Amino acid sequence: MASNQECLLENGTSSEEEVHLGRTARQLSASALRKKSDPTLPNSVQNGHLRELLVNLQVVLLGTKLAVLLPTIPLSIFAVYYGFGKPWIFTLSLLALTLLAERISFLTEQISYYTGPTVGGLLNATFGNATELIIAISALSHGKVALLKYSLLGSVLSNLLLVLGTSLFCGGLANLRREQKFERRQANVNSLLLLLATFCHTLPMLLQYAGDSAATKDQTLQFSRAISILMLLSYIAFMFFQLWTHHGFFELQQVSEVDGDEDVEEEVAEIGFWSGFAWLFAVTAITALLSEYVVGTIEDASKSWGLSFSFLSLILVPILGNAAEHAGSIIFAFKNKLDISLGVSLGSATQVAMFVVPCCVVVAWIMGINMDLNFNLIETVSLALAVITTAFALQDGTSHYVKGLVLIFCYIVIGICFFVFETPVDQTAST
């Protein structure tokens, strides 16, 4: 413990408040599913290096309530090498990704204890949606642009409607006699960026109705690449706004809410700095491997289960991929900590829409793959309606359970839509 405190002092995070500032809303949300490890067994080992290894294994592998999913990691690899059915491989890999996504968030938080709040915020911006980004790159490498677009769109929709809606609904029911309030300025900034993302998706979609199909297709591709660069620049400006010039919008509320919370008592790193980086690399590598399994088996799982490809990739994959973070958001809503819940749902949706999506367009461009921002008519309209509905629900800075219920119903409507109707895969992939 003492060595951790010394490292924190060296990095300029000497006060408890600064340590809190290094933790984003999404990290606080994910921490709701963590559990303290019993150090009795590792501490009984005399050898210092072996003891440190055992502590790391215990903290990283068992320091979460999702540790019950740990066997799905070797089982996924076992299922591939022994020729199990692809639906089984898809299911096991997706469940394993649920655990790995939470562990990446944990390891990012551990490293941020040593680096300070600013670098910690940048690490969270990089690894906050690592699972989606890894799946996206894997899908690109297989040329499955349809899967890529559906999974990213599904991540935005699930955060805006399902996660936020469930958080507002549960928080409203748990606090019926108290008015729930949140930091409206944070919500407004995220809503503006999401509206910008909607704007950047709508125009490429409308271009297909503007003229000759062959010429318009090429124009849409070039236009998408140009505005993807602008979207990335906008996200960089947003990070500067969030981490430097107006960090109070996003952090000070978290400090005031977390202070005195019994569930967040431990404010020191549980593993070392370099150990955190080594584990982060290992977990990310395993995530990349399992993402390959998901991408390679999702179409067979869709046919086997009789579910449309669009429903499976737009609804199921995003929900399970960030289940730990989503559950934490709902838990904090129960505790009347809506700033954290909004930081999770809106922050994740903004990051996917303004960073992961344009980043994929640029990476596809580098790889020689034609990917644009035209997500087709129904998909783009669903995104626009979700963003507008969410922005309208959050405009007054207060919440009640009816707002959450409406957002949940909107998500159900979209889910039913893609359950009964599937955009042909080649229509999306042809971009």
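**Notebook: loops, helices and salt bridges**

**Entry 1: Asn336**

I began at Asn336, which sits in the loop between helix H16 (323–334) and helix H17 (338–367). Helices here are DSSP runs of H or I with at least four residues, strands are E runs of at least two, and both are numbered from the N terminus. A note to myself: this is a predicted model, where local features need pLDDT of at least 70, side-chain atom pairs count only at pLDDT 80 or more, and totals for chains, interfaces and linings use all residues. Residues are numbered from 1 along each chain as its sequence is written, and side-chain values use heavy atoms, with hydrogens and water left out.

I looked up the backbone angle: Asn336 has a positive phi of about 65 degrees, although it is not a glycine. I noted it because most residues other than glycine have a negative phi. Is Asn336 buried or exposed? Asn336 counts as buried because its relative accessibility is 17%; the cut-offs are under 20% relative accessible area for buried, over 50% for exposed, and partly exposed in between (1.4 Å probe, protein chains only).

**Entry 2: Asn376**

I then turned to Asn376, in the loop between H17 and helix H18 (377–393). Asn376 has a positive phi too, about 75 degrees, and is not a glycine. With a relative accessible area of 5%, Asn376 is buried.

**Entry 3: Gln180**

I found Gln180 in strand E1 (residues 180–181). At 0% relative accessibility, Gln180 counts as buried.

**Entry 4: the whole chain**

I stepped back to count. The protein chain has 20 helices and 2 strands. Of its 431 residues, 56% count as buried. I also checked how far along the sequence the contacts reach: among those between residues at least 6 apart, 84% join residues at least 24 apart. The accessible surface (Shrake-Rupley method, 1.4 Å probe; for residues, only the protein chains shown count as cover) comes to about 18100 Å², of which 66% belongs to carbon and sulfur atoms.

**Entry 5: the largest nonpolar core**

A nonpolar core is a set of buried Ala, Val, Leu, Ile, Met, Phe, Trp, Tyr and Cys residues joined through side-chain atoms within 4.5 Å. Which residues touch the most other members of the largest one? I found Leu160, Leu342 and Cys360, out of 92 residues in this core. Helix H10 (residues 145–174) gives the most to this core, with 13 residues.

**Entry 6: helix H7**

I checked the length of helix H7 (residues 86–115) next. At 1.5 Å a residue, its 30 residues should span 44 Å, and its end C-alpha atoms are 42 Å apart, which agrees. The expected span is 1.5 Å times one less than the number of residues. H7 is mostly covered, with 25 of its 30 residues buried.

Inside H7 I picked Leu99, which counts as buried at 2% relative accessibility. Leu99 and Leu70 are 29 residues apart in sequence, yet 7.2 Å apart in space, C-alpha to C-alpha. Beyond four places in sequence, Leu99 touches Thr64, Leu66, Ala67, Leu69, Leu70 and Ile73.

I also followed Thr297, in helix H14 (residues 273–305). Thr297 counts as buried at 5% relative accessibility. Leaving out residues up to four places away, Thr297 touches Lys86, Ile89 and Phe90.

**Entry 7: salt bridges**

How many salt bridges does the structure hold? I noted 4, each a side-chain nitrogen of Lys or Arg within 4 Å of a carboxyl oxygen of Asp or Glu.

- Glu102 and Arg103 meet at 2.7 Å, N to O. Glu102 is buried at 2% relative accessibility, and Arg103 is buried at 3%.
- Lys149 pairs with Asp372, the closest N and O atoms being 3.0 Å apart. This pair links distant parts of the chain, 223 residues apart: Lys149 is in helix H10 and Asp372 in the loop between H17 and H18. Both Lys149 and Asp372 are buried.
- Asp396 and Lys403 meet at 2.8 Å, N to O. Asp396 counts as partly exposed at 37% relative accessibility, whereas Lys403 is buried, with a relative accessible area of 14%.

Conventions: Contact means heavy atoms within 4.5 Å.
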